[in-house]
Amino acid sequence: MTLTMTREAATKGGGSPRSHRPLITKRNIPYLLILPALLGFVAFKAYPILAALYISLTTGAGAARTFVGLDNYVRLVNDPLFWTALWNTALILVVQVPIMLLLALVLALGLNSPLLRLRGLWRLGVFMPSLTGLVAYGVMFSVILSKDSGLLNWVLGIFGVDAIDWLGSPFWARIAIVIALTWHYTGYNAVIYLAGLQSIPKELYEAAMVDGAGAVRRFWSITVPQLRPILLLTVVLSTIGTLQLFDEPFVITGGGPDNSTLTISLYLYENGFRYFDFGYAAAIAYALTLIVAGFGLLQLKLTGGKK
Amino acid sequence: MINRRGVLALTLAGTLTLAACGGGGEKAESGGPVKITVWSWKPASDGLAAVAKDFERANPNIKVDVQVIGNPAIWEKITVGMAAGGKGLGDILHIGIDYLPSYVDKFPGGLADLNKLGAGKYKDAFAKGLWPTVTGKDGGVYAMPWEVNPIGFFYRSDLFEKAGIDAAAIRTWDDAIEAGKKLKEKTGASLIGLNKPAAGSMDMDFYQSLLQQQGAFYFNQQGDVTLSSAPAVQAMTLIKKMNDAGIVADTSGEGTAKKLISSGKLAVLPWAAWAASYIPEMRPEQKGLWRVMQPPAVTPGGKRTAIVNSTHLAISGTSKHQAEAFKFIEYALTKPEVINKVFKEGGVFPALTAAYSDPVFSAPTEYFGGQPALKTFVDSLTEGADATFYSSDYARALKIASDAQTQVLTKGADPAATLATAAQQLAQQTGRKLAG
């Protein structure tokens, strides 16, 4: 920028006054091209982000809004429910993400197998859950998980398992969330892995086969290292997604029972839109952003450092 | 269980859309009739729409447009309108008492002070306990009482008979617990049902009515937290006693409560006046089996009445036709014959005391075995309920109290200790004082 301006100034100083400069020049065309996106970013991202920062330093709403400095953040640190939400989110993260990604990888390997028939149909089936709308999803799981008349308890009953109170017990409610999340997002990750698998050059496998490597050896020595960047991507995306977990507890458990499935995003929503405590909700949002950013950086450092 | 405060289904995006689509309610008038809009929900809105026609005939220069916004959608819509400085709000707003103090406190000027329009003269016209709740801290009157729902004790007379229990002899909840044990033994039915884990929705009307019978609530009139007060612990202890006696059914899960009612597994429904029409609609085949009486008291000789909830009509602080709007409210809510027409068309139990002399309130109800069912509620209101102060932090208090009830019912937690923690938490979250 500075360079450009100096050069322009120099031209002007050179004494060649240009009366009609064209509106679109070679120099400004890249800026014009990104302008729509930039305006959108400013209006719908930058402004809310900055406004939320200001709101997080205030309390009240509308005409009654007052500046309170860091009060909301102090309150946050001392709020047992916030720590409960953080703990719940961490628990779900640690249990659910590895299970889901492992499942997705297995699915992707299956879908990629040349022995598989009706491949398109299977792929569609695996991906379908990620397209399901929130409300349909919620209704479906409340039917599946119902204690007395639910599908899951009926199936378990066939194997002699007693009816599980999926939504009424803190432990099982968390498991229910893990099941729902896994159902919803495994297919999405499987499709990403599938794309990754297909971009691995066939020659590598052929060469390995010629050298006498078995299927297991080929998987660990070729597939996994080749998929590494994609594995990393899905770990980061899933971690961020789980940290922001909202839909599943919102539609299935409502955060209960006794706050056992309360997540940070759900707590944020409750404060903002149920208690109209927008300042506090904004503070939670900023805390969540910091946590997400921290985790993202950490994972990149730990796993992607070699690149 | 019916929960008026259902899940607020709107997401952030929805809220913003609403904010964007608001606006444009008001048009500059140029001599023609003034149009006022009313925001309400079904079926109450049907009653209001019916009398709006009569009102228009008597006042040709005012047109009334009753809009069905729906409950709970109306709360988000009012919130968004008020946050936008009153833009796009209806002139008249139908507001539940659990939301009214939030709007009054959080959006000063959002609702008009009806005292200035002449509401003061109706101070004693409504059921006792309502007027203090529509009066703000500044002495302004922010809504006119429309609907009142006093608590009832609907019971299955056939099951009571089978267990050899005389309902009239149940005077305290301790009596009811003894009766409940007998019922369980002889008929297998539970005394009451509660959504113990609060899965799906919170189920706090029963606990609240036990508080209200003692003239207590989560907050006192000064707005201090009273969630750990003696009456609060007393009420929770009663619920724990019932639960420990094995006479509280768990109604969590889709349709569980209805199933239990159909199969005669619930002997008592501690529901409010609206259930006098809801139970006959829901279980027509159980005609003649149900009776209703006032609920027993918490302490011997104590108060048996409580107002579970009430709804009101308020005027937007930014409405350009406040005088006309008030004229309609006055017409609809303060004349016995008009409010009774609203009651007949919209099924909303009137708050206006003068309305109760209408024969409909003492007529025998066939469904309830020829008992004058509505008279029970009129008697309750005549006895007089205490005012309930919801405060602007009711939503938070409700959630925290519900968590406490879940802990007591599902983990056997100690009521006093649980409520002490809950009250602390409520005070910390709201910046309010614990009442001494």
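Residues are numbered from 1 along each chain as its sequence is written, and chains are lettered from A, with ligands numbered from 1, in the order in which they are written. Because this is a predicted model, local features need pLDDT of at least 70 and side-chain atom pairs count only at pLDDT 80 or more, while totals for chains, interfaces and linings use all residues.

Me: Why is B:Ala427 called partly exposed?
Reply: A residue is buried if 20 or more other C-beta atoms lie within 10 Å of its own, exposed if 12 or fewer, and partly exposed in between, with C-beta atoms placed from the backbone. B:Ala427 has 17 other C-beta atoms within 10 Å, so B:Ala427 is partly exposed.

Me: Where is B:Ala427 found, and what does B:Ala427 touch?
Reply: B:Ala427 belongs to helix 16 of chain B. Helices (H or I, at least four residues) and strands (E, at least two) are DSSP runs, numbered from the N terminus. Leaving out residues up to four places away in sequence, B:Ala427 touches B:Val225, B:Arg432, B:Lys433 and B:Leu434. Contact here requires C-beta atoms, placed from the backbone, within 7 Å. The C-alpha atoms of B:Ala427 and B:Phe326, 101 residues apart along the chain, are separated by 37 Å.

Me: How do you know that the radius of gyration of chain B agrees with a compact globule?
Reply: The radius is taken over C-alpha atoms, and the globule rule is 2.2 Å times the number of residues to the power 0.38. For 436 residues the rule gives a value near 22 Å, and chain B has 22 Å, so the two agree. Along the principal axes, the C-alpha atoms of chain B fill a box of roughly 75 × 50 × 40 Å. Chain B holds 16 helices and 10 strands, and 51% of its 436 residues are buried. Of the contacts in chain B with a separation of 6 or more, 77% are between residues 24 or more positions apart.

Me: What makes strand 4 of chain B mostly covered, and which strand pairs with strand 4?
Reply: In strand 4 (residues 144-150) of chain B, 7 of 7 residues are buried. Strand 4 pairs with strand 10 (residues 307-315) of chain B in the antiparallel sense over 6 bridges.

Me: Why are strand 8 and strand 9 of chain B said to stand at the edges?
Reply: The open sheet has 3 strands in the order 8-5-9 (chain B), paired antiparallel. Strand 8 (268-269) and strand 9 (290-293) each have a single partner strand, so one side of each is left without a neighbour in the sheet. Strand 5 (residues 153-156) and strand 9 of chain B are joined by 4 bridges, and B:Phe154 has B:Val292 as its bridge partner in strand 9.

Me: Which residues touch the most other members of the largest nonpolar core?
Reply: A nonpolar core is a set of buried Ala, Val, Leu, Ile, Met, Phe, Trp, Tyr and Cys residues joined through C-beta atoms within 7 Å. In the largest such core, of 185 residues, these are A:Ile284, B:Phe154 and B:Leu227. Helix 4 (residues 80-112) of chain A gives the most to this core, with 12 residues. Among the residues that A:Ile284 touches are A:Leu76, A:Phe82 and A:Ile264.

Me: What makes up the side of chain B that touches chain A?
Reply: The contact takes 28 residues from chain B and 23 residues from chain A. On the chain B side, helix 3 (73-83), helix 4 (100-106), helix 15 (394-411) and helix 16 (415-430) give two or more residues. Helix 15 of chain B supplies the largest share, 6 residues. By class, this side has 10 nonpolar, 13 polar and 5 charged residues. Ala, Val, Leu, Ile, Met, Phe, Trp, Tyr, Cys and Pro count as nonpolar, Asp, Glu, Lys and Arg as charged, and the others, Gly among them, as polar.

Me: Which residues of helix 13 of chain B are buried?
Reply: Those of helix 13 (residues 336-346) are B:Val338, B:Ile339, B:Asn340, B:Val342, B:Phe343 and B:Gly346. These buried residues pack against helix 2 (44-58) and helix 12 (322-334) of chain B. Just after helix 13, B:Gly347 takes a positive phi of about 65 degrees.

Note on methods:
Two strands pair if DSSP finds at least two bridges between them. Two residues are in contact if their C-beta atoms, placed from the backbone, lie within 7 Å.
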